[in-house]
Amino acid sequence: MKRSLGILLLVGLLVLVFFNSVYAQNKPFEGVTLRVAIVSTEDSKYLATGLAPRLEKETGIKLIVDQVPYDELNAKQLMDAAGAKTYDIINPCTEWSRQYMAFAEPINPYIGKEGFPNPEIDDIIPGIWKVWNPGKDIYWFPYQPDSRVFYYRNDLLQEAGMATPQIWEDAKVIAAKLNKEGSMYGFGYPGRRGFSMNLAWIPILFSAGGDVFDKDLKPTLNSQAGVDSLNFLLELLKFGPKDIASFGEFEHYGAAKEGRIAMGIEASGITQALESADSKVRGKMGYGLFPVKAKDVIRPNTAIMGGWSLGVANYSKNKDAAAWVVLWLTSKEIVTDWQIHGRAHASRLSMATNAELIKVNPAVPTIVETLAGAKLLFDGPETNELEEALVVPLSQAISGELSAKDALDVAAKAWADILDKAGYYKK
Amino acid sequence: MAINLRTRKKLFPYLLLIPTLVLLVCIVIYPLIFSLNLSFYSYDLKKFTLGKQFVGIQNFIDAFKDTQFLKALKITVLFMLIAIPIEFVVGLSIALLLNKDIRGSKTIRTLVIIPMMVTPIIVGLQWRFLFNYDMGLISQVLRVLHISEGFNILGNHSYALAGVALADIWQWTPFVILLCYSGLRSLPIEPYEAVTMDGATSWQTFKYITLPLLKPVIVITILLRTMDAFRIYDMIYTMTFGGPGASTETASFYVYRVSFKLFHMGYGSALSYILLIITIIIANLFVNSLKKVWEG
């Protein structure tokens, strides 16, 4: 009897050891705690409340999500990298991605590694992948690419018997016709001093056939196309909010959602707001590229590419687990779920045609089309400085303090000085 | 080695001081020394892996050639010239009124300090909404009264600074009221009795008795408001972000932009020290004038 009991105990113990080892293989990072800094948006909310608990349940990895406002995130991550080194997973937007490579870990060794999620790189929209990872080393996995979109009220255009604007003149006629003093603005634009103001003007510059640099990297903001595009924007703004120079993204999203703007240009994030359940214009919107100056004008690009990705900090004490989480979060299944519950943008080809995602945000195909022709403002760590140097003169032009030509002359000179100081022209 | 009771008694106060000293060293003295040291380096946080290069006083020299910084200083002074006199005149007037012990003055005294209790970030947001052309309360009232179609102050480069000053006046006039009121309450009663006997008018009493006696309080009030207004940053951040153009970019906001948008940490530290030195000079001027008042 005693002997049988002993054998039974031994067998039980062996079974326990076996299952424990199988369990451990399934959860190799059980008990690991990781920290991620992420820009505070609908995406970060779902990461903190939906995906992080799921990750912990499925893998045993505890993910601490620090949701940081956009204006503070860059400083927070840079200071952390230079000092405390607490973040395992880092979150650059496109313009910071080049400088962040200095403290990011290449993810190449983990791609295809046994036990690690398959990133299915072929499914990531090629233009987006190329902008994020131009070299051999892979640092970033995008989860929410964004850009600027031109939006318009389909219902109002139909009521007025007007077609979707194709050229500047069409847009001007529509803005003038739909503008109603006190109740409807013909054109909306984020005119408050800030990067949004810059980035919303650049698609208009492209629509005039202009560009930000020539082939020698000399700024061409003040080219004829540049001046024409800014003058055209100022003309459209006659049908825009009267306080345009203090009319920021916040005001723009609100007014457009309330149905007080007939058409406009804004960050693609506005599409999710316009199609949200509490929007008065849900289902009434049309989206597209900004109309070109004239039919024969070929735009060199559609917009400036923006958006967010995840990477592993090279000072992380748990690089393997961090890489696993980055690959998991940006994998086909998870990132699709993330975007359906988050900002509703597409980073993958399969997402661009995903019916569930398009149902949440009908602008997804337009965003993808815009992203396909979008580019980086500048491929280097000076992007922030260039943006800052454009902010003040552009805001001065919008508020009427400077003419379009004078403002762009100031900005172009400032850009040339920044790049000269950084040594780009010596190269 | 045993310490005798007398030595223990002598050491005890120093022991009690240690926690405060440690805290001061950690959160005040160390950052001050660190940023002073940083101000002599060229340090770009965007390229922190390259390290920092010693540049001596070059950052300080550059500051005086930096037209944007000099313009920001001018805007700061202009802001102070708009806000502080109004805060002072309105604050002193209300304090004089409250000193008359009018009906409901206790309630007014309580209500009047509410704006001071709100953080400047919230005050900025609140005034941004109030000033909103479409939905703001001010615009709505103007529309209802058929005075104007709306009120555009923050979007106008000529008036945006006045808009920020208005928010500052709303928040900090209560501070002036509080100080002046407590000053008025502590004035001796005898001079007032004497001038009443002599048949002085209210204006004469105010000009020859109240104002001279209140001078030390006035100097301190203006000193504190000047130092605070010189550092204005939070309201600018939420109300205008320095715009339109650079029309509301104050010196502190410019330092923020250099340090945390452009990440030129060395240069940003040098600019901070220049602002600190200017603040110390202003404080000294006021303290000297206070001394003269006391001696007079």
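Here are some numbered notes on the predicted model above, for someone meeting it for the first time.

1. Some ground rules. Residues count from 1 along each chain as its sequence is written, chains are lettered from A and ligands numbered from 1 in the order in which they are written.

2. Start with the domains of chain A. Domain 1 takes in 29–146 + 306–372, and domain 2 takes in 148–303 + 380–421; such bounds come from an automatic or database domain assignment. Taken over C-alpha atoms, the centres of domain 1 and domain 2 of chain A lie 29 Å apart.

3. How do the two domains meet? In chain A, 20 residues of domain 1 are in contact with 19 residues of domain 2, contact meaning heavy atoms within 4.5 Å. About 1,500 Å² is buried between domain 1 and domain 2 of chain A, with carbon and sulfur atoms giving 54% of that. Buried area here is the accessible area (1.4 Å probe) that two parts lose on being put together, summed over both. On the domain 1 side of chain A, E95(A), T366(A) and T370(A) lose the most area to domain 2, together 32% of what that side buries.

4. In chain A, three strands make an open antiparallel sheet in the order β7-β6-β8. Strands (E, at least two residues) and helices (H or I, at least four) are DSSP runs, numbered from the N terminus, and two strands pair if DSSP finds at least two bridges between them. β7 (263–267) and β8 (285–288) of chain A are at the edges with a single partner strand each, so one side of each has no neighbour in the sheet. From one strand to the next, the twist averages 30 degrees.

5. A closer look at the pairing. Strand β6 (residues 148–153) of chain A pairs with β7(A) over five bridges, in the antiparallel sense, and four bridges join β6(A) to β8(A), also antiparallel. Facing β7(A), Y152(A) stands opposite M263(A) and V149(A) opposite E266(A). In β8(A), Y152(A) has G286(A) as its bridge partner.

6. Is β6(A) mostly covered or mostly open? Mostly covered: six of its six residues are buried, that is, under 20% relative accessible area, with exposed being over 50% and partly exposed in between (1.4 Å probe, protein chains only). R148(A), F150(A) and Y152(A) point one way from β6(A), and V149(A), Y151(A) and R153(A) point the other way.

7. Chain A also meets chain B. Here 31 residues of chain A are in contact with 36 residues of chain B, and the area buried between chain A and chain B is about 3,100 Å², of which carbon and sulfur atoms give 53%. Seven salt bridges are counted between chain A and chain B. E385(A) and K46(B) meet through their side chains in a salt bridge (3.3 Å, N to O).

8. Over all chains, the salt bridges come to 33. R35(A) forms one with D66(A), the closest N and O atoms being 3.4 Å apart. R35(A) is in strand β1 (residues 33–39) of chain A and D66(A) in strand β2 (residues 62–68) of chain A, so this pair ties together parts 31 residues apart in sequence. R35(A) is partly exposed at 30% relative accessible area, whereas D66(A) is buried at 18%.

9. Another salt bridge joins the side chains of D337(A) and R54(A) (4.0 Å, N to O). D337(A) belongs to helix α13 (residues 332–341) of chain A and R54(A) to helix α2 (residues 42–59) of chain A, so the pair links parts that are 283 residues apart in sequence. D337(A) is buried, at 18% relative accessible area, and R54(A) is partly exposed at 26%.

Key
This is a predicted model: local features need pLDDT of at least 70, side-chain atom pairs count only at pLDDT 80 or more; totals for chains, interfaces and linings use all residues. Side-chain values use heavy atoms; hydrogens and water are left out. Axes are lines fitted to C-alpha atoms, for helices over the stretch in contact, and angles run from 0 to 180 degrees between N-to-C directions.
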